[in-house]
Amino acid sequence: MSVYNGDGAEVKGFSASLATGPRATAMRNHAVLGSCSTDGMPVTEERLGPALVVIENDPDYVSPFGKDTAGHALYSALVTLTLGVLGSTVLPVPYAFSKTGIAAGALTMALVAAANDATCCMMIRAAAHTGLTTFEQLADWAGGRRARIFTQVSLILLLYGTLCGGLAFLSDVARVMVLKGLGPGEAPPLLAADGRPVMVLTVLTVLLPLCLQRHIRQFEKAATVGVAVVVVLCAIIVGRAVAEDFPAVRAGELEVLHVKVDEHLPEAFAVLGFAFYMQPMLMPLLKEMPPGPAGTRLTERAVHITLFAVACGVYGTVGIFGASIFGTETESNIMVNDLLPGRHLATLVLYACLLVYLCCGMVTTHYALRASLDLLLVGPDAPFTWSRQIAETLGILSCATTVALLFPTQAEKIFALTGCTAVCLVCYVIPVYIHLAVQRDQQRLLDEHDEQQAAADALIVEGGAGGTDGFGGVWSSDAADSIREPLLEPAGPHGGAAAAACCWGKPAAAAAAKSRQRRNGDGKRCAAGAGGGGPQGAVLWAVRRFALPAAIVAIGVGFSMAGLYVGFMDLMSYLNGGGGGQGGGGDGGGSDSGPSAAASETTSALAAALAAR
């Protein structure tokens, strides 16, 4: 049995073994019945102190991921999160760059990536602090039943709307594939006018089998194929831009340093603002990562690499090079532009691969939605059954496909609005709220620790180098610190193993003085942060504690307001009969079947950014 505190440091005096897999059980503020410390005394809540996570080993457990090394776990997390982040958003990014210009688009990407990286790390560290691994459980811990219900509604609204919008976008891509891949006059009239038959076939043959998998990390092979499709798309776009010597830049249609201020700018910023969220997919993945501090470090590393290296790299490559080819003619879906002119077979193969890639992106959305619904319906402790898994999967896909079949254009408009709101809540507001609750809990534990330390110092002065622990053993304040301090701060020069071994048998005055010195140092670190004491440290602490969360919320609200403005104007235009050009493309029964019609009826850039994530 292994005992860990909230920061993932193992409590001294317990086994170094570590449970692996979903059967590892985390408990907070509970005594461990029947277990003993190294001194042979029973372990109780009073003996361990608050906020400890106890992991019990199941000797019969077999990991579904085989020999789960650190490298394999990191790779699995990387490819899964990559598909969860990129999704269909890679397709409207060139349109966004064509409206913002290169410099403004790159700066916007960096800002949004940093904000999402911060909130993802907040969620990971909150899970480490509490031993909870779902949005709903963390919200319940932070704010009670109302916060949990609010989070459940926001998650389901975001994920279900994303899935419906993704299927409508899949129908658009399927129709354009038929038109451009088979050539003018060669496409069957039914498929040329409507992409829904191909969409249904793709759902049944590709999406459904992928969604039936039990674990999200078992999706890594399919995710690798999806990443390969993105690499091929990047190579095609870069190769053509270089071969044509960046025509839009030379013609002045794509600004390098200046920002193009027009009516399309809010939509461009909204597309980039929704291009980096992964929080709903991150939490189910976190449950399947190695437990303890190793899993926390690996997950944070995967988040950093995915957002700053992979997502920024792919978006920057496709966005800048794609916009440099087509300039002001860049469509809200780059695939509507003729990437492979005159090569119908190659275009057909590329679009077919893109359909598979979009399905891979929707698997992570479906998994997160199924996990939220399963938690809502049966609770966190219900045993897994294949019958419930299959029923939930079929129910979710059937409902989403029905909406995409019956109301493709209307669904796109409505879910663009709800998606803007839900992304702001799920990816910015709720993580910051949970993070602030964790900070309050850490401060509470620090205050309790100081009170216990003061009592321990008094006992040391009165009774010698050590006191009694209530079980007949001898203890000191430093031994108590070795259990409790790592939850509040990483083990420093006076913490951890050194603190556990340094004071046994020392004179009372020396032990008490050392304890007071360390306690005072801890208070300074808490008040001043990593920057040290003094006014500068206090400013850094205030920025980290208050200004950074406020800035993250402001970023989320700002991009959501831009998205809501664009979505509302698009919806009003559609309702007034002038917005047919932004439609979902699935209900174009009598429409023109040529490529130009495909360009005019494709999904809007904002909806594409929110679809198939």
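This is a predicted model: local features need pLDDT of at least 70, side-chain atom pairs count only at pLDDT 80 or more; totals for chains, interfaces and linings use all residues.
## Overall make-up

The chain has 613 residues, of which 54% count as buried, and its secondary structure comes to 21 helices and four strands. Where contacts join residues at least 6 apart in sequence, 81% of them link residues at least 24 apart.

## Packing of helix 8 and helix 12

Helix 8 (residues 220-243) and helix 12 (residues 292-326) have axes that come within 9 Å and cross at roughly 35°, and the crossing is left-handed. On the side of helix 8 the contact includes Val 230, Cys 234, Ile 237 and Arg 240, while helix 12 contributes, among others, Val 314, Thr 317, Phe 321 and Gly 322. The residues of this contact divide into 11 nonpolar, three polar and one charged.

## Salt bridges

The structure holds nine salt bridges. One of them joins Arg 444 to Glu 448, with the closest N and O atoms 2.8 Å apart; both residues lie in helix 15 (residues 408-463), four residues apart, or about one turn of the helix. Arg 444 is partly exposed at 33% relative accessible area, and Glu 448 is partly exposed at 27%.

The side chains of Asp 140 and Arg 148 also meet in a salt bridge (3.4 Å, N to O), as do those of Arg 250 and Asp 245 (3.6 Å, N to O). Arg 250 is exposed, with a relative accessible area of 56%, whereas Asp 245, at 44%, counts as partly exposed.

How values were computed
Residues are numbered from 1 along each chain as its sequence is written. Side-chain values use heavy atoms; hydrogens and water are left out. Axes are lines fitted to C-alpha atoms, for helices over the stretch in contact, and angles run from 0 to 180 degrees between N-to-C directions. Helices (H or I, at least four residues) and strands (E, at least two) are DSSP runs, numbered from the N terminus. A crossing is left-handed if the near helix is turned anticlockwise from the far one by less than a right angle, and right-handed if clockwise. Contact means heavy atoms within 4.5 Å. Ala, Val, Leu, Ile, Met, Phe, Trp, Tyr, Cys and Pro count as nonpolar, Asp, Glu, Lys and Arg as charged, and the others, Gly among them, as polar. Buried means under 20% relative accessible area, exposed over 50%, partly exposed in between (1.4 Å probe, protein chains only). A salt bridge is a side-chain nitrogen of Lys or Arg within 4 Å of a carboxyl oxygen of Asp or Glu.
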